[in-house]
Amino acid sequence: MKPITEEILREVSQAFQFAGPVSHPVRYGSGHINDTFSVFTDDGTRRYIVQRINTDIFENPQQLMENICGVTDYLREHIIANGGDPERETLNTIRAVDGKPLYIDSDGEAWRVFTFVTDTICLEKVESEKDFYTVAETFGNFMNQLSDFPAASLHETIARFHDTPNRYANFEKALAEDVMGRAKDIADEIEFIHAHEADCHHLVDLLAEGKLPLRVTHNDTKINNVLLDAASGKGICVIDLDTIMPGLSAYDFGDSIRSGANDCAEDEPDQSKVHFSMHLYEVFTKGYLAAAGAVMPELEKKCLPWGAKLMTLECGIRFLTDYLEGDHYFHTQRDGQNLDRARTQFTLVKDMEAHWAEMEEIVNRYA
Ligand code: ADP
Ligand code: GN1
Ligand code: MG
């Protein structure tokens, strides 16, 4: 990606159908993927999020915006029909001057604009059980609202994103090539992954056999992708819709559990500090099923513990693959960070396996 210059920012601030002239874009938020800025109209009454899409990761920004516009147009109708506020409860895209949802700048980079959802907060980590319940309700509700949307019509913005057997195959390839000479130090992790090969197939096989409904999935269901109402703490709006794709509810449930049902850092170096929280798992399960359970057939609900385990395993496999390949994909700030991230995921998987019967029992209780 090219560096973002002041000239480019000036160009972009004139390229969209804002309500009037806007201020110079200022960096905003702490997302890891896109370059995010905010601008105000000169009279200060309107605010917008201006983002440059990371096309190293999302190679087809046109298709990505087609997904986002399709899903948010659909959500808007749904929200209006239910008496909600479509300005706050879904993302609203502002068109470029030429009427398109994307602007390609003079460096060839892709930009888009959303209205800023005001009076909200965005949490970087789960701080309380109440907030985690709210995240569960918000993502459950998102799935429920989109249960009649034709999921298969969406583009895959990152090919085979949650194809766990393919992630496994990519790991095997990286291991065989071992370009950094790191395989010799990670025998335990390699053995752990190999022992889980059969597990990797569980969800994709059920999907291929037509036993699970294809859903509109968000695929990055961390707490920082939900905006909460600043006054009431209620979940208002699901954001970061770049990875919206056809998928399984278990993926979204699972990634929230992976990232939120623990009290450790994702890259914790001391594995004795890593624990899966059965309590937070229960809190999330309760909130998710309260919001989405009504549209889910029984087998889909039974797959939720598998989503938790496989999203965690898969993420660990991805971190370890990146470690073997020389840390190209996930940004790192120190040596061994991707290895620590992988180990943390595998510790969480072991904990889940030790509590498997209880995980299933909790889903049954709230199903
Ligand atoms: P990334 O893919 O880099 O994580 P996000 O789309 O999640 O990018 O945006 C980064 C941050 O910008 C979010 O965590 C949130 O704080 C803020 N943000 C994004 N969209 C909006 C919006 N429409 N209104 C208010 N804040 C937003
Ligand atoms: C990446 O950038 P961030 O943190 O939102 C990754 C997710 C991983 C996550 C692990 C597009 O998301 O799939 O679960 O890191 N996003 C992409 O922290 O690969
Ligand atoms: Mg984000």
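**Ligand 2.** I started with Arg 318: one of its polar side-chain atoms sits 2.9 Å from an oxygen atom of ligand 2, in this predicted model. I count a polar contact as a pair of N or O atoms within 3.5 Å; within protein, one must be able to donate a hydrogen and the other to accept it, and residues adjacent in sequence count only if both atoms are side-chain atoms. Glu 266 also puts a polar side-chain atom 2.9 Å from an oxygen atom of ligand 2, and for Tyr 329 I read 2.5 Å.

I then listed the shell: 13 residues surround ligand 2, each with a heavy atom within 4 Å of the ligand. Helix H12 (residues 304-325) gives the largest share, 3 residues; helices here are DSSP runs (H or I) of at least four residues, numbered from the N terminus.

**Ligand 1.** Next I turned to ligand 1, which has 18 residues around it, with Ile 33, Asn 34, Gln 51, Val 117 and Asp 240 coming nearest. A side-chain N or O atom of Asp 240 is 3.0 Å from an oxygen atom of ligand 1. Ile 33 uses a backbone N or O atom, 3.1 Å from a ligand oxygen. Thr 115 also uses a backbone N or O atom, 3.1 Å from a nitrogen atom of ligand 1. The protein covers 95% of the 560 Å² of accessible area that ligand 1 has on its own.

**Bookkeeping.** Residues are numbered from 1 along each chain as its sequence is written, while chains are lettered from A and ligands numbered from 1 in the order written. Local features need pLDDT of at least 70, side-chain atom pairs count only at pLDDT 80 or more, totals for chains, interfaces and linings use all residues, and side-chain values use heavy atoms, leaving out hydrogens and water.

Terms used
Accessible areas come from the Shrake-Rupley method with a 1.4 Å probe; for residues, only the protein chains shown count as cover. Helices (H or I, at least four residues) and strands (E, at least two) are DSSP runs, numbered from the N terminus.
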